[in-house]
Amino acid sequence: MMSFIMWSIWKARCKAIFEHKPPDPGMVIQDARNSWTDFLSSIPRVGAINSDAEGDYEVVRSTIWQVPPAPYLKLNVDAAWFSSSGYTGIGIIIRDHQGEFKSGKICRTTSISAVDAEARAVIEGLSFAANQGYSHICVESDSKPLINCCLGKITKGAWELYPSLGRIQELKSNFTSVRWEWVPREANAVADAAAAFAIRGMGTEVWVDRPPSSLVHVLSRDGLPCPP
C-alpha cells in the first residue's frame, strides 16, 4: 500500500507541475486506494466460493478466458475510469458456450470511484443482455470487491455501492438464472479493450453477431472463434 501511495504522490506532483495547480491530498489517497484495490483484484487464486442463493457462485479462474456451460452466455464487463474527472468508459461483450461472439456494447458515463464504475458496467451489461432477450447469464468481472458485493458479501467501505447493488438486484429478475464470476484482468481482456475504446470518446456503439475490427485481434487471442 505504501508503494502505491508513493506512486500516487509522484504522479500528483508531476501533474501539479504541468497544470500549475496544487495537488488535492484527498484525491491522491483515493487514487492510491483504487490502484491498490485493482492490484489485489488482479491476483489469481485457486478455489471456489459458493453462495446460498441459487444460481449465484464465484469461481476464481486462470488468466485464460473460459467458455460458460450451456445454456449460459458469458457477459464480460469492464470499466475505464478517470479519477480526475469521473469520466467512465464501459465495455460489454457477450459470448456463448462455444465461445462465439453474440453481441457487445460500449458507452460512457460518470462514476465517483473505480468500484462504482465497475458497478455501472454491470448495470449496463445486465440491461443490455435483458434487452437482447437472453435468459441465462454468467457475469464476469475483474473487480473482486464488486463480485463479492454481488454475492452478498457487503464489505466495509462499500457503502457507495448500495444504490447500484439495489439496481443490480432489480435487473436480475429479468433472467432465469444469473451467475457471478471473478477473473484476473488478463481473462477479461476483450471487455477491457472495449472500455478503453469507450473512454477515448467513441460514444455509444452496439454490435450484434459481428464485433468491430478493432476487437477481432483481442478475441482471437482467446483462441476461440469469432466472425471474420
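The model is predicted, so local features need pLDDT of at least 70 and side-chain atom pairs count only at pLDDT 80 or more, while totals for chains, interfaces and linings use all residues. Residues are numbered from 1 along each chain as its sequence is written, and side-chain values use heavy atoms, with hydrogens and water left out.

Let us begin with the largest pocket, whose volume is about 850 Å³. A pocket here is an open set of points on a 1 Å grid over the protein atoms alone, where a 1.4 Å probe fits, with protein on both sides within 12 Å along at least five of seven lines; lining residues have an atom within 4 Å of a point. The volume is the space filled by probe spheres set on the points, which are joined across faces, edges and corners. The largest pocket is lined by 33 residues, and Lys-11, Asp-31, Phe-82, Ser-83 and Ser-84 are the closest to its centre.

Which elements build this lining? At least two residues each come from helix H1 (2–19), helix H2 (25–41), strand S3 (73–81), helix H3 (114–131) and helix H6 (189–202). H1 gives the largest share, 8 residues. Helices (H or I, at least four residues) and strands (E, at least two) are DSSP runs, numbered from the N terminus.

Next come the cysteines. Cys-149 is part of helix H4 (residues 144–150). Is Cys-149 buried or exposed? Its relative accessibility is 5%, so Cys-149 counts as buried; buried means under 20% relative accessible area, exposed over 50%, and partly exposed in between (1.4 Å probe, protein chains only). Cys-150 is buried at 4%, and Cys-138 is buried at 1%. The structure holds 0 disulfides, a disulfide being a pair of cysteine sulfur atoms within 2.5 Å. Cys-149 and Tyr-162 are 13 residues apart along the chain, with 9.2 Å between their C-alpha atoms.

Two side-chain contacts involve a charge over a ring (NZ of Lys or CZ of Arg within 6 Å of the ring centre and within 35 degrees of the ring normal). Lys-74 has its charged end over the ring of Trp-65, 5.4 Å from the ring centre. The charged end of Arg-108 sits over the ring of Tyr-87, also 5.4 Å from the centre.

Finally, look at the loops. Between strand S2 (57–60) and S3 lies Pro-71, joined to Ala-70 by a cis peptide bond with omega of about 10°. Asp-209, in the loop between strand S8 (205–208) and helix H7 (213–221), has a positive phi of about 75° although it is not a glycine. Asp-209 is partly exposed, at 48% relative accessible area. Gln-98 belongs to the loop between strand S4 (87–95) and strand S5 (101–110). Although Gln-98 and Leu-73 are 25 residues apart in sequence, their C-alpha atoms are 9.3 Å apart in space.
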